Amino acid sequence: MQLKFIAISVAITQAISLVSADASNYWQSFTSQINPQNISIPSIAQTTSDDVTTECTNYIPDASLITINSTEWPSIWDVATTNGMNTSAEFTALYNSIDWTKAPNIAVRTKTAAGSLDLTGYDAVNDPDCWWSASVCTTPKIADVNADIERCPEPETWGLSYDDGPNCSHNAFYDYLQQQKLKASMFYIGSNVLDWPYGAMRGVVDGHHIAAHTWSHNLMTTLTNQELLAEFYYTQKAIKLATGLTPRYWRPPYGDVDDRVRWIASQLGLTAVIWNLDTNDWSAGYSVPVSTVQQSYEDYITMGTNGTFATSGNIVLTHEINNTTMSLALEYLPQIASAYKQVLDVATCYNISYPYFENIQWTSVLNGTSPSGSSSSSGSGSSSSSSSSASNYIKPNIALAVLLSAAVLLN
């Protein structure tokens, strides 16, 4: 039996083609008490109320589900190297496992006095670094880097995605999505996950596609290599702790990504999901009138029927950042569903079978526990893929399934 296990392991090693370094197994060191296929969210006021003040009252998670030791995490909403995390044993081991001599020689970007990116002197026309903020480039210009996903490939498809969660006041919003049987890609911020872990659990329970949105929501190209690695690592660790899942997909805040950032993300097996339509909903009532964002929604809804997306779909940037953005979603989702043939999360629209590192095949009903507590099977999904970047994530998981089976036989 030992020889059989070794033979299978060798075969698996030869089969895996995912872009990675030795760091690619980092997620296996994460711990979680959550079974993502059988989650029961504690019934407390914060998880059941629609009153914003009640929802956003801090709570201490049930220790049988989630234990948070603040000494093991970066400071909330600070760059992820804070609180000594850049010198911790686990992070140091991860950092040293990467061959930094292969990292692209791309400078850390700077900000203007106003806090925006400084593009002074950069060749945005040729864009040698595939810097999205400069030219909306999504196809890397260096080898061994995962290309961005920017649209759903199927015609007349609205790619539903929400950034900046889990928001403490999202109960009514998630209730609506659940009632309408709508699934979205939820890009969670690591700091928010630690603050509101039950909110992250709710995303899994409702069958949403969970992805990462960094630890502190900074402009990624302005961070050092060490800071970037920490932003990715501790966000992944937080999502795993709260949901039992480790995402393969992430979204750069403000879309700010270049080939240096992509290279570091690729070392951790992460692929960026961008967008090709931006509602700018976050600005509603702040830097622009609500009516401006409403007009953007209406324009994008019209595109669903006028042939704009006759050959491929979109991925739309929206947020669960506050009650205004979530209210706008509730206002326009019925019209979106009427105008487009499909409203889908990115994992589904891109036909991604394994959006997590864990050997769990994707379906929009991933969680095995319904709101009433009844159990259901996790179902099955397609093993094909609509892109080379997505297909890279299927073979390793099939291999992992074989490896796990072999391990069971050995035991």
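Predicted model: local features only at pLDDT ≥ 70, side-chain atom pairs only at ≥ 80, totals over all residues.
Figure 1. The largest nonpolar core contains 101 residues, and the members that touch the most other members are Phe-232, Tyr-234, Trp-250, Leu-333 and Ile-336. Helix H9, which runs over residues 225-243, gives the most to this core, with 10 residues. In soluble globular proteins in general, nonpolar side chains tend to be buried together. Tyr-234 can be followed in more detail: leaving aside its neighbours within four places in sequence, Tyr-234 is in contact with Glu-72, Trp-73, Pro-74, Ala-80, Met-85, Ser-88, Glu-90, Phe-91 and Trp-215.

**Figure 2. The packing of helix H11 with helix H12.** Two packed helices are described by the angle between their axes and the distance between the axes. For helix H11 (residues 290-303) and helix H12 (residues 323-339), the axes come within 10 Å and cross at roughly 15°. Because angles under 35 degrees count as roughly parallel, H11 is said to be roughly parallel to H12. The crossing in which H11 passes H12 is right-handed. On the H11 side the contact is made by Val-290, Val-293, Gln-294, Tyr-297, Glu-298 and Ile-301, while H12 brings Leu-328, Ala-329, Glu-331, Tyr-332, Gln-335, Ile-336 and Ala-339. Sorted by class, this contact has 9 nonpolar residues, together with 2 polar and 2 charged ones.

**Figure 3. Ser-24 in a loop, with Leu-268 beside it in the view.** Ser-24 is found in the loop between helix H1 (2-15) and helix H2 (45-48). With a relative accessible area of 15%, Ser-24 is buried. Although Ser-24 and Leu-268 are 244 residues apart along the chain, their C-alpha atoms are separated by 5.1 Å.

**Figure 4. The buried residues of helix H6 and what covers them.** In helix H6, which spans residues 171-179, the buried residues include Asn-171, Phe-173, Tyr-174, Tyr-176 and Leu-177. Among the elements that cover the buried residues of H6 are the helices H2, H3 (52-55), H8 (197-205) and H12, and also the strands E1 (157-165) and E2 (185-188). Just after H6, Lys-181 takes a positive phi of about 55°.

Note on methods:
Residues numbered from 1 in each chain as written. Heavy atoms only, no water. Core = buried A, V, L, I, M, F, W, Y, C linked by side-chain atoms within 4.5 Å. Buried < 20%, exposed > 50% of the residue type's maximum accessible area, 1.4 Å probe, protein only. Helix = DSSP H or I, 4+ residues; strand = E, 2+ residues; numbered from the N terminus. Contact = heavy atoms within 4.5 Å. Axes fitted to C-alpha atoms, helices over the stretch in contact; angles between N-to-C directions. Parallel < 35°, antiparallel > 145°, perpendicular 65-115°, else oblique. Left-handed = near helix turned anticlockwise from the far one by under 90°. Nonpolar A, V, L, I, M, F, W, Y, C, P; charged D, E, K, R; others polar.
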